[in-house]
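Me: Got a model here that I'd like to talk through. Can you take my questions as they come?

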Amino acid sequence: MYSAPYGSQADGGSLFSGGGFMPTQSATQSADGISRKSGGTQNTGLLPLTVKQISEAAQNSSDDTFYIDGIDVNNVTILGMVHNKEERSTDVSFLLDDGTGRVEVKRWIDGQDTFENEQIAALQDGVYVRVHGHLRSFQGKRNIVAFSVRPVTDFNEVTYHFLECIFVHLHNSKANGMAVKGPSISSPNYGNPVGGGAPSQYVTPNMTGVGGSMDECQKRVHSVFEEPSSLSSEVGLHIDDVARRIPGFTKKQVKDAIEFLVNEGLIYSTIDDDHYKSTNG
Amino acid sequence: MDTSNPAPFVNAELLKRYPGRRVRCVLKVVRAEGNSSLSGLTSDGLHISVKQVPSVASLSQFVEVIGVVDSDRSLRAEICTNFGDTFGMLMLQSQRLR
């Protein structure tokens, strides 16, 4: 889902953090349950998808879970036009066509629920609907078992859904460190194509780590201080010594790294402000 | 599960890339011509003509046309869906203000 350790950085994506409802123009209330990534790729959130993304999802052969962009797929939402609606006594099924392909959607009927029956009666061939459900595989074919099928009333929802698919796809691809492919082919071109807007792939070396992760320069400086020869020295190392030992970084970068390490409690200054030693000594 | 016949969303600029292919396009209805064709404005501000429209009379202001591309500026409709009168086409609105 939109699971990424945003930490304290407020970027556009932080609109989604905190869960709850997205204020949309239409009457829909797509409750995007946000789950923070905690180590593994456990995802309990909602993924907006196109049929093409569903057909291309990787499947884990042992336990039948699907993976898209590295996230395991549970709840999905898709939007498209109803075709070939078939009503049976136990279930209703139809093909959903969203412009990228068609997928079968099935909704089990519980005879007691009148709300359900109203929902189902509103489905006609040619109507745009928003489906929320689970992605399943049956006899090799993928289908959706829906728990909500609602006709679209404000058609800005169509635009919104595809933009959301693009956003989540790019976001998840980037969060997983995968190379970002520009506008993904799985999302249909809607109006003006999403050209050249792909975010950059790598974080710049100047990014200070959030929550304890160190960038390259800091790691290298720290490892210099951790060398046995540095540890055994009484006064530690002069900044210039450190800079000399790790080519490729400016003295300013080394100084900044040292300051960071001091703040982290990993090194301390000895005889003067230019000499530092690791606290591991 | 069938992804063999996708219908990409296009605007006027993209129409020429899909000659003879099935596409979908949202248009702002400008003029209804006769009883089965209409002229519409795409999101990039160009006029497109649509033929074989099922029911011109009952169309709302914004219409999604799913059909086959006939030429650089015309479509042959298969399905027309009313997208209402409050569809967000920002470019068109800014053009009107000019």
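Me: Conventions before we start?

Reply: This is a predicted model, where local features need pLDDT of at least 70, side-chain atom pairs count only at pLDDT 80 or more, and totals for chains, interfaces and linings use all residues. Residues are numbered from 1 along each chain as its sequence is written, chains are lettered from A and ligands numbered from 1 in the order in which they are written, and side-chain values use heavy atoms, leaving out hydrogens and water.

Me: OK. Which residues of the largest nonpolar core touch the most other members?

Reply: I78(A), F94(A), V105(A), V131(A) and I144(A), out of 23 residues in that core. A nonpolar core here is a set of buried Ala, Val, Leu, Ile, Met, Phe, Trp, Tyr and Cys residues joined through side-chain atoms within 4.5 Å. Buried means under 20% relative accessible area, exposed over 50%, and partly exposed in between (1.4 Å probe, protein chains only).

Me: Which elements supply at least two residues of this core?

Reply: In chain A, helix 1 (51-55) and strands 3 (66-68), 5 (75-87), 6 (91-97), 7 (102-108), 8 (128-138) and 9 (141-151) each do. Helices (H or I, at least four residues) and strands (E, at least two) are DSSP runs, numbered from the N terminus. Apart from this core lies another, of 19 residues, including Y18(B), L38(B), I48(B) and V50(B).

Me: Back to I78(A). Where is its place, and is it buried or exposed?

Reply: I78(A) sits in strand 5 of chain A and is buried, at a relative accessible area of 0%.

Me: Switching to helix 2 of chain A. Which of its residues are buried?

Reply: In helix 2 (residues 114-121) of chain A, those are E116(A), Q119(A) and I120(A). They are on the same side of the helix because they cover an arc of only 95° around the axis, the arc being that of the directions from the helix axis to the C-beta atoms. The face turned away from the buried side carries the exposed residues T114(A), F115(A) and E118(A).

Me: And what covers the buried residues of that helix?

Reply: The cover includes strands 5, 6, 7 and 9 of chain A.

Me: What is the strand order in the open sheet of three strands?

Reply: The order is 2-3-4 (chain A), with antiparallel pairing. Strand 2 (58-59) and strand 4 (71-73) of chain A are the edge strands, each pairing on one side only. Two strands pair if DSSP finds at least two bridges between them, and strands 2 and 3 of chain A have two bridges. F66(A), in strand 3 of chain A, is the bridge partner of Q59(A).

Me: Which residues other than glycine have a positive phi?

Reply: Among them are N84(A), at about 50°, and Q52(B), near 55°. Most residues other than glycine have a negative phi. N84(A) is in strand 5 of chain A and is partly exposed at 43% relative accessibility. Q52(B) lies in the loop between strand 3 (47-51) and strand 4 (62-71) of chain B.

Me: Last one, T81(B). What does it touch?

Reply: Not counting residues up to four places away in sequence, T81(B) touches M81(A), Y128(A), F62(B), V63(B) and E64(B). T81(B) lies in strand 5 (residues 74-82) of chain B and is buried, with 9% relative accessible area.

Terms used: Contact = heavy atoms within 4.5 Å.
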